[in-house]
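Please look through the following structure from the overall fold down to a few single residues. The account begins with the whole chain and ends with particular side chains.

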Amino acid sequence: MDRIGNLILVVLLAFALPICGYTQNPIIQTNYTADPAPMMYNDTVYLYTSHDEDETVNNFFTMYDWRCYSSKDMVNWTDHGAVASLKSFNWMNKTNGAWAPQCIGRNGKFYLYVPIHGEGIAVLVADSPTGPFRDPIGKRLVDSDHIWQDIDPTVAIDDNGQAYLYWGNPGLWYVKLNEDMISYDKTVGDNGVVSIEMTAEAFGSKAGRDGRPGTTYTEGPWFYKHNNLYYMVYASEGIPEYISYSISNSPEGPWVYKGHIMKRADHLAFTNHAGIIDFNGSSYLFYHDQDLSKGQGFKRSVSVEQFTYNADGSIPLITPTKEGVTQSVGNLNPFTRVEAETIAWSEGLKTADNSQEGVYVTQIENGDYLTVRSVDFGKGAKTFEASVASATQGGQIEIRIDGKDGRVLGILEVDNTGGAQAWKRLSCKVSDIEGVHDVYFVFKGDKDLFNFDWWQFSK
Ligand code: FUB
């Protein structure tokens, strides 16, 4: 293609992206999220993340709690708020250091493994994937003599029921968890802690900062089984981090280095962290970047790409994109109550929570909007209802389809309801609408318009 042809292509692509509305990465825009750990449960993906605060303190990771999001379609994500925090542990007094988590279900309970930077690895348990999580042992879980290196736990249960918890930076260790998932077999390794030998064959060769031979393994392991192979995916190559992987025929190794999965790209942060799942017949790589914060490495955001394993089980090199996952796995039903914090894409919005309403959308200003993709109106809707609260003059919700400037189905007028927590159900009529559409709620008004908890259409 000649230069003019190239130019035309670039211009066409630049316009096509916003028109199609296919910018899905990062998948959470209302908070900074990092260290993604997806978990499948029933028909839903639960995504646990660490959380970079909006205010970075001392130019270092500023992380106080762990958040959870869920999706049934890989495109619309529901915010469940902070499901655990450093305050969940009363045996230590750290106020910062809520690093990379992972959750797993067993026998109807959900176990959230978390590193507390400088305090080692701890565990919390809940009856539901979204908590409330509580500390079942009142002390750190992993008893080692290198707690500063004990970060980034990853957990999987083998087919024979044996659960493994791996972790570590710059070493890699594991314990064999007992069936209770809150203790481990102390008869193996060093009082239960097994150290993996860091060889070039296992993790690729890279000289350390002191020039001595080392491996590419850095941190953030993600351990799982796919078909008959065990995978160890990890942040690699030091800083800035790549994502690489090794495989084994056994959950305990030996590991064989297989190379890069994601290389460095401009909008990636100096750290990276992988989480991989299969969902509805497709495979997905979650990672984090610094796109939303425009390049601030302590304000990261989770993104996701779909990929296909090669026939031999190897993982292809995956390019981080802004488009992300464009195809929704199924449609969203607008005739049941939908939480306002179920969002495919938003601009300008934050979420907050209280004990009554749970999580809601807040800090809504004139021109902000949120999108919900693949909403199936079937043969039609007649009214729109929403729960809102306003301490100010209120504003409007313009209900549009298929674009921020798309056709207006209706406008919900929101007046002062008597307070930012004085929730009212309001409704308006909507014009003809059938079939599957992306819905845009565009907020109009002056300043600090209202809070928005849930919405629902009626036939
Ligand atoms: O998020 C804090 C730390 O940065 C994580 O524990 C590492 O994996 C890296 O992402």
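Helices and strands here are DSSP runs, with at least four residues (H or I) for a helix and at least two (E) for a strand, numbered from the N terminus. By that count, the protein has two helices and 30 strands. The model is a predicted one.

Consider the overall dimensions next. The C-alpha trace spans about 65 × 65 × 45 Å along its principal axes. The radius of gyration is 23 Å, which agrees with the value near 23 Å for a compact globule of 459 residues. Of these 459 residues, 58% count as buried. The accessible surface of the protein amounts to about 19600 Å², and carbon and sulfur atoms account for 48% of that area. Contacts can also be sorted by sequence separation: among those between residues at least 6 apart, 59% join residues at least 24 apart.

From the whole chain, turn to single residues. Phe 450 sits in the loop between strand S29 (436-445) and strand S30 (451-458). Beyond its neighbours within four places in sequence, Phe 450 is in contact with a set of residues including Ile 364, Val 388, Ile 397, Val 414 and Phe 443. Glycines are also on that list, namely Gly 394 and Gly 395. Trp 423 is 27 residues from Phe 450 along the chain, and their C-alpha atoms are separated by 9.9 Å.

Thr 342 belongs to a strand, S20 (residues 342-343). Its relative accessibility is 6%, and therefore Thr 342 counts as buried. Which residues does Thr 342 touch, not counting those up to four places away in sequence? They are Asn 76, Trp 77, Thr 78, Leu 332, Leu 370 and Val 372.

The cysteines remain. A disulfide is a covalent bond between the sulfur atoms of two cysteines. The structure holds zero disulfides. Cys 68 is in no disulfide, and the nearest cysteine sulfur, belonging to Cys 103, is 7.5 Å away; a disulfide would need the two sulfur atoms within 2.5 Å. Cys 68 counts as buried because its relative accessibility is 0%. Cys 428 is buried too, with a relative accessible area of 12%.

Conventions. Residues numbered from 1 in each chain as written. Predicted model: local features only at pLDDT ≥ 70, side-chain atom pairs only at ≥ 80, totals over all residues. Heavy atoms only, no water. Rg over C-alpha atoms; globule rule 2.2 N^0.38 Å. Buried < 20%, exposed > 50% of the residue type's maximum accessible area, 1.4 Å probe, protein only. Contact = heavy atoms within 4.5 Å. Areas by Shrake-Rupley, 256 points an atom, 1.4 Å probe, with all protein chains shown as cover.
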